[in-house]
Amino acid sequence: WRILVAAVAGVLGFDRSPHVVDLSPANFAALVENQETHHSYIMFHVSWCEHCKASLPEFHQAATMTASHYASAAEGLPGLPPRYFTMDCSEHSSNLQVGTICKKYAETKFPSLIMVRGKRHFQFDRPRMAQVIAWWGLRMSRPPVMHILDAKGLKDQVNAAEELTFVLCADAGDEFIQEWPQVAEQFMDKYSFLLLSDKPGCEKLRKNTGMTGSPLLVADPGSHSISPVPYAGKLTEKRAVRWVNLHRWSRVIPLNNYSVGEVLAVELPTVVVTFNSEHPQEAEEATRVAEALADERRECISREECFTSQKGGVLLASVDVADPGNLEVLSTHFTLASDPFPRVFVAVTKEKEHHVYWENHQKLNLQNAKLDRALELMKDDSSMQYSGPMMSKALWSFNVRQGKKVVRFASRSAGHLVGVVVGTLGLAAACFFSCKGLCADDEEDRKDK
């Protein structure tokens, strides 16, 4: 195994870092899972992937840079150090053990750079350059929560981070302080999380942000222009995660090719309003409805009882279908009819595998759109439809406007079968016409001769 990897490295023309360890099914559990001495930073790759070949030298260089950084640090760095690994998944389809590991962590997308922290793992989604790879490894190895003693330390930390920072005031109680790192770890790839012990500092931040009485606060360095929502009610991990999610985007999220994946991955109900900006009156009405829903949600969140229902965790999004790219987003992620526009529907991701959405133009439209109506629609089986990369269940959905039933895909296996049949027929047709063309060329050659 090691000889093979060394040979591949020699062919690719880069120097292997002594700080990178090769993984296999035999040593994976011992070196990666449930580690207490390091966080595992793994590059999953396959031999035939050109992007993998280009990224391997960068990953090895990042490992050397990280080792030098730790060696030159005057004091020990906070948190566990990242340890670099590579895993060759070339046999993921033929070797059950390799396939199980690679699918669990990389989902057979190569190359995949994954940071494993205990029972959680995080995917690197930045440019695969040595400096960026090393920086991200250090970032994801830091403690999820930094303890700040006073207001000055808070200001310095927020300015240095240059990103949205979520703050728990220590006067919130010891019980939730133990849960705060669990909340922070889920978002540490994007944001900073602090524990502020200084009571006057908390009061000052509450006053500056208009979040009077809130145990959780948002510190914005000025680049996000968010509208902070005070936290109300009992502090729990689930409610705190919902509260953080509400601050990740603007009041109404512009749904496009860049945002749709991240929005759906949150697994919160998302009310989507579509419109066409080429029709000003229609666009103005859709925008007004989306903003009204945002106001309704904010007013709800200010009351504790809102957290006992889904209403406080609803996201709001809008899509301008005048942009062909946005129209493609709708057609890719949701099996929507080409009309009518504007429209309102509710979407959510289930089990991180497929999207589910509800649409009924009579029960939810621009004229009657309310969050309660949207959530009520989610209980209506006749309006529910499955969508996403692969249809996974049989589903008859009723199209209210056309008054007829439509069937989607019967099963995942049926979807695979259809794909195989269509692909085979397409290949056969291509071969036929290609051969026909070659034969015609040969006939012409013979005539010329």
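How many disulfides does the count come to? I worked from a predicted model. Taking sulfur atoms within 2.5 Å as the rule, I get a count of 2 disulfides.

**Entry: cysteine 89 and cysteine 102**

I looked up the sulfur atoms of cysteine 89 and cysteine 102, which are 2.0 Å apart and form a disulfide. The pair links distant parts of the chain, 13 residues apart. Cysteine 89 sits in the loop between strand E3 (82-88) and helix H4 (96-106), while cysteine 102 is in helix H4. I computed the torsion about the S-S bond of cysteine 89 and cysteine 102 as about -90 degrees, so this disulfide is left-handed. I then checked burial, and both cysteine 89 and cysteine 102 are buried.

**Entry: cysteine 169 and cysteine 202**

The other pair I looked up is cysteine 169 and cysteine 202, joined by a disulfide with an S to S distance of 2.2 Å. Cysteine 169 and cysteine 202 are both buried.

**Entry: cysteine 49 and cysteine 52**

I also looked up the accessibility of two further cysteines. Cysteine 49 has a relative accessible area of 11% and is buried. Cysteine 52 comes out at 1% relative accessibility, so I log cysteine 52 as buried.

**Entry: helix H4**

Which residues of H4 are buried? I listed Val98, Gly99, Ile101, Cys102, Tyr105 and Ala106. Seen down the axis of H4, these buried residues fall within an arc of 170 degrees, so they line one face of the helix. On the face turned away from the buried side I found the exposed residues Leu96, Gln97 and Lys103.

I next asked what the buried residues of H4 pack against. My list is helix H2 (28-32), strand E2 (39-45), E3, strand E4 (112-117) and strand E5 (120-123).

At its start, a side-chain oxygen of asparagine 95 comes to within 3.0 Å of the backbone nitrogen of glutamine 97. Just after H4, glutamate 107 has a positive phi of about 55 degrees.

**Entry: strand E3**

Is E3 mostly covered or mostly open? E3 is mostly covered, with 6 of its 7 residues buried. I looked up its partners next. Strand E1 (residues 20-23) runs parallel to E3 and is joined to it by 4 bridges.

**Entry: glutamate 163**

Glutamate 163 lies in the loop between helix H6 (151-161) and E7. Its relative accessibility is 12%, so glutamate 163 counts as buried. What joins the side chains of glutamate 163 and serine 192? I found a polar contact of 2.5 Å between them.

Definitions and conventions
Residues are numbered from 1 along each chain as its sequence is written. This is a predicted model: local features need pLDDT of at least 70, side-chain atom pairs count only at pLDDT 80 or more; totals for chains, interfaces and linings use all residues. Side-chain values use heavy atoms; hydrogens and water are left out. Helices (H or I, at least four residues) and strands (E, at least two) are DSSP runs, numbered from the N terminus. Buried means under 20% relative accessible area, exposed over 50%, partly exposed in between (1.4 Å probe, protein chains only). A polar contact is a pair of N or O atoms within 3.5 Å; within protein, one must be able to donate a hydrogen and the other to accept it, and residues adjacent in sequence count only if both atoms are side-chain atoms. The arc is that of the directions from the helix axis to the C-beta atoms. Contact means heavy atoms within 4.5 Å. Two strands pair if DSSP finds at least two bridges between them.
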